[in-house]
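Me: I'm new to reading protein structures. Could you walk me through this one, a feature at a time?

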Amino acid sequence: MEVTSDSARFCSLMEQTNDYTKLEFVNEALALLPRLYIDFSDPTLDLGENEEYFSTYVDEDYYESIRRKIEMLLGEHDVFLETFEEDMKYSDTPVAASISESLADIFQTLYNFISIVKETEGDSLEGAYMECRENFAAYWSQTLCNVMRALNHLRYNVNLDD
């Protein structure tokens, strides 16, 4: 299943953030995010309901280390204005969001997915995929679209040369 390959590449990018320049990181993220969107929104894959319970593999410290690495790499470019935030309807001021937090949120879900597949040697691929897909529909699909918009802005409107 290609979804595991794309998910693993994304997780690897997040874990190895320090190995990239800003521009390289943004380009890689922009190459992977649309693939992930397609992987987890494919309407032709109707695998039914997930009834399995899976452990989580990303604890708070690991999540925070991923988030901080991205934040440090992007620096002042980490913050963007969020237009799809629910609170935006009631606010006179813009709502700020963070690229690093958005990517860390996606990382957490995908790392759990990949870890379940590895731990079960592929036996729980369908259940793990369904859980990740349910989470995609519930929350991280919007996060992915929002962060992709922010990264696209950086790629084409900001000089990211180090």
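Me: In what order do the elements of the chain run from the N terminus on?

Reply: From the N terminus on, the order is α-α-α-β-β-α-α. That gives five helices and two strands in the chain. Here helices (H or I, at least four residues) and strands (E, at least two) are DSSP runs, numbered from the N terminus. Before we go on, please remember that this is a predicted model, where local features need pLDDT of at least 70, side-chain atom pairs count only at pLDDT 80 or more, and totals for chains, interfaces and linings use all residues. Residues are numbered from 1 along each chain as its sequence is written, and side-chain values use heavy atoms, with hydrogens and water left out.

Me: How much of the chain counts as buried?

Reply: "Buried" means under 20% relative accessible area, "exposed" means over 50%, and "partly exposed" is in between (1.4 Å probe, protein chains only). In this chain of 162 residues, 41% count as buried.

Me: What share of the contacts with a separation of 6 or more comes from residues 24 or more positions apart?

Reply: Contact means heavy atoms within 4.5 Å. Among contacts with a separation of 6 or more, residues 24 or more positions apart account for 78%.

Me: Where is T17 placed?

Reply: T17 is in the loop between α1 and α2. At 1% relative accessibility, T17 counts as buried. Leaving aside neighbours within four places in sequence, T17 is in contact with F25, K69, I70 and L73.

Me: What does E101 count as, at 41% relative accessibility?

Reply: E101 lies in helix α4, and at that 41% value E101 counts as partly exposed. Y63 and R67 are touched by E101, again not counting residues up to four places away in sequence.

Me: How are two packed helices described?

Reply: Use the angle between their axes and the distance between the axes. Axes are lines fitted to C-alpha atoms, for helices over the stretch in contact, and angles run from 0 to 180 degrees between N-to-C directions. Angles under 35 degrees count as roughly parallel, over 145 as roughly antiparallel, 65 to 115 as roughly perpendicular and the rest as oblique. Take α2 and helix α3 (residues 60-74): they pack at about 125 degrees with their axes 9 Å apart. That angle makes α2 oblique to α3. K22, F25 and V26 of α2 make the contact with I70, L73 and L74 of α3. By class, this contact of α2 with α3 has five nonpolar, no polar and one charged residues. (Ala, Val, Leu, Ile, Met, Phe, Trp, Tyr, Cys and Pro count as nonpolar, Asp, Glu, Lys and Arg as charged, and the others, Gly among them, as polar.)

Me: At what angle do the axes of α2 and α4 cross?

Reply: The axes of α2 and helix α4 (residues 99-119) cross at roughly 55 degrees and come within 13 Å. That makes α2 oblique to α4. F25, L33, L36 and F40 in α2 meet L103, I106, L110 and F113 in α4. The residues of this contact divide into eight nonpolar, no polar and no charged.

Me: Which residue classes make up the contact of α2 with α5?

Reply: First the geometry: the axes of helix α2 (residues 22-41) and helix α5 (residues 125-157) come within 9 Å and cross at roughly 145 degrees. The contact of α2 with α5 divides into 19 nonpolar, four polar and three charged residues.
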